[in-house]
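Grab your viewer and work through these exercises. Each one sets a task and then walks through a solution.

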Amino acid sequence: MSQSKGLPPFELMLDRHGPAIHRFLVARVGADRADDCFQETMIAALRAWEGVRDRAKLRSWLFTIAVNKANDSHRAAARAPVPDDGIEARAAAPGSDPVFERVGGGSADPVWDAVGLLPDKQAAAVTLRFRGDLTHREIGEVLGMSEDAARRNVFEGLKRLRADHAERIRDERTV
Amino acid sequence: MNALSENDAGAAYPGWERLRAGVIERGEAEGLIEIAFESHDSPFGRILVGASGQGLVRVALPEEDEEQVLEDLARRASARIGRLPRPVLTAARTQLDQYFAGDRHLFELDLDWRLTKGFRRDVLRQTAHIPYGVTASYAEMAERAGRPRAVRAAGSALATNPLPIVIPCHRVLRSDGSTGAYLGGPEMKVALLEMERGAGGAERG
């Protein structure tokens with residue numbers, strides 16, 4: 001797809017980049033809200049499809065939309081009262097999907113919960129790197145920073161996760 | 001050949017088909033998809049059919065690479081392309097199945113001619129009138145399209161037919177009677193002509 005000129009066929013983009021974007025959204029907003037966020041992201045991309053000029057930047061353009069939709073979802077969730085249906089909602093999520101089981105309703109996977117507690121830029125950079133498989137240059141394009149700054153945010157985020165993890169293990173041992 | 005079912009990252013992702021279909025169906029409901037396509041099995045291999053709102057715009061034979069066909073549609077028609085059912089695609093599938101079974105001699109489908117222009121379109125419109133089981137020469141097609149000396153141009157019109165089988169370019173042969181080239185490969189051309197001779201002859205008694 002990257003060798004061809006002009007606009008890519010929407011369906012080919014969807015099949016090629018969709019899974020990475022969904023995986024990224026599961027890590028950012030949890031499995032319960034990821035499907036809606038994913039559909040909003042892809043419909044927004046389809047609406048603006050004629051705006052794609054540079055195929056080399058297609059992936060970072062798509063992830064920019066996904067980051068914005070995840071932020072919208074966080075804001076909406078912060079405004080809404082927290083429903084007391086956490087357990088049912090998680091039980092209702094497609095249980096046969098290993099992805100959903102691992103990440104659950106945003107709290108089944110301690111690693112991605114810990115990522116959520118990082119400063120925003122570090123959390124976004126780490127998630128884009130390890131759930132979206134983006135390069136540091138692409139992460140920079142998505143988050144509006146230089147490639148070096150993107151690399152630093154990933155590095156600092158990981159350093160902090162390692163420190164927190166070591167601390168938790170120490171705590172568990174002393175109990 | 002079948003890029004969309006073998007090479008896509010989606011095939012291995014849990015729940016992917018549901019997610020994919022959700023996006024494409026909503027895109028269609030909101031009028032954001034211009035070209036719909038499907039692929040079906042035929043006795044010759046997988047055939048892709050594509051349709052715009054005006055009608056059938058593309059038939060791609062098994063020899064053609066699906067990904068290249070979609071890239072070409074994106075360049076020449078619209079990049080708002082999605083794999084989804086539409087009535088004209090269902091009708092095309094049914095009529096192609098009937099044709100391959102020897103049960104249909106004429107296609108009744110709305111066609112979108114946008115992928116061909118000028119003299120090439122004239123040649124293909126004339127080609128659409130060649131009856132089942134009958135053949136014509138490249139020279140005859142050039143003449144019927146109004147430019148008897150443009151035999152070579154008639155040949156390239158037929159070689160770039162966006163709607164093979166439905167517009168029966170396989171019924172056009174060289175003046176010396178040899179089969180000539182075909183989008184789906186020369187063997188497929190020979191097989192189609194033999195099938196039409198057999199089925200047509202049997203029916204006419």
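Predicted model: local features only at pLDDT ≥ 70, side-chain atom pairs only at ≥ 80, totals over all residues.

**Exercise 1. Where to be careful**

Over which residues of chain B does pLDDT stay under 50, with eleven contacts beyond four places in sequence?

Step 1. Residues are numbered from 1 along each chain as its sequence is written, while chains are lettered from A and ligands numbered from 1 in the order in which they are written.

Step 2. Colour by pLDDT, the predictor's confidence in each residue, from 0 to 100. The stretch you want is residues 1-7 of chain B. A contact here means two C-beta atoms, placed from the backbone, within 7 Å.

Step 3. Check the other end too: residues 200-205 of chain B also stay under 50, and the model has two contacts for them beyond four places in sequence.

Step 4. Chain B has a mean pLDDT of 91, with 91% of its residues at 70 or more. For chain A the mean is 82, and 80% of the residues reach 70 or more. Within chain A, residues 86-107 are below 50, yet this stretch has 37 contacts beyond near neighbours in sequence. As for the complex, the predictor gives an ipTM of 0.89 and a pTM of 0.83.

**Exercise 2. The overall build of chain B**

Work out how many helices and strands chain B has, and how its radius of gyration fits a compact globule.

Step 1. Count the elements: eight helices and six strands. These are DSSP runs numbered from the N terminus, with helices (H or I) of at least four residues and strands (E) of at least two. Reading from the N terminus, the order is α-α-β-β-β-α-β-α-α-β-α-α-β-α.

Step 2. For 205 residues a compact globule would come out near 17 Å, and chain B agrees at 18 Å. Along the principal axes, its C-alpha atoms fill a box of roughly 55 × 35 × 25 Å.

Step 3. Look at contact range. Of the contacts in chain B with a separation of 6 or more, 61% link residues 24 or more positions apart.

**Exercise 3. Trace the strand pairing**

Find which strands pair with β2(B), and in which sense.

Step 1. Take β1 (residues 35-42) of chain B. β1(B) and β2(B) are antiparallel over seven bridges, and a hairpin joins them through two residues. Pairing requires at least two DSSP bridges.

Step 2. Go back to β1(B), which runs parallel to β4(B) with three bridges. F37(B) stands opposite R83(B) there.

Step 3. Is β3(B) enclosed or open? Five of the five residues in β3 (residues 56-60) of chain B are buried, so this strand is largely enclosed by the rest of the structure. Buried means 20 or more other C-beta atoms within 10 Å; 12 or fewer is exposed, and anything in between is partly exposed.

**Exercise 4. A proline in a loop**

Explain why P168(B) counts as buried.

Step 1. Locate P168(B) in the loop between α7 (151-159) and β6 (172-173) of chain B.

Step 2. Count around it: P168(B) has 26 other C-beta atoms within 10 Å, so it is buried.

Step 3. See what it meets. Beyond neighbours within four places in sequence, P168(B) contacts T127(B) and I130(B). Its C-alpha is 6.2 Å from that of A128(B), 40 residues apart along the chain.

**Exercise 5. Where the chains meet**

Say which element of chain B gives the most to the side that touches chain A.

Step 1. Size up the contact: 26 residues from chain B and 26 residues from chain A.

Step 2. α2(B) gives the most, with seven residues.

Methods
Rg over C-alpha atoms; globule rule 2.2 N^0.38 Å.
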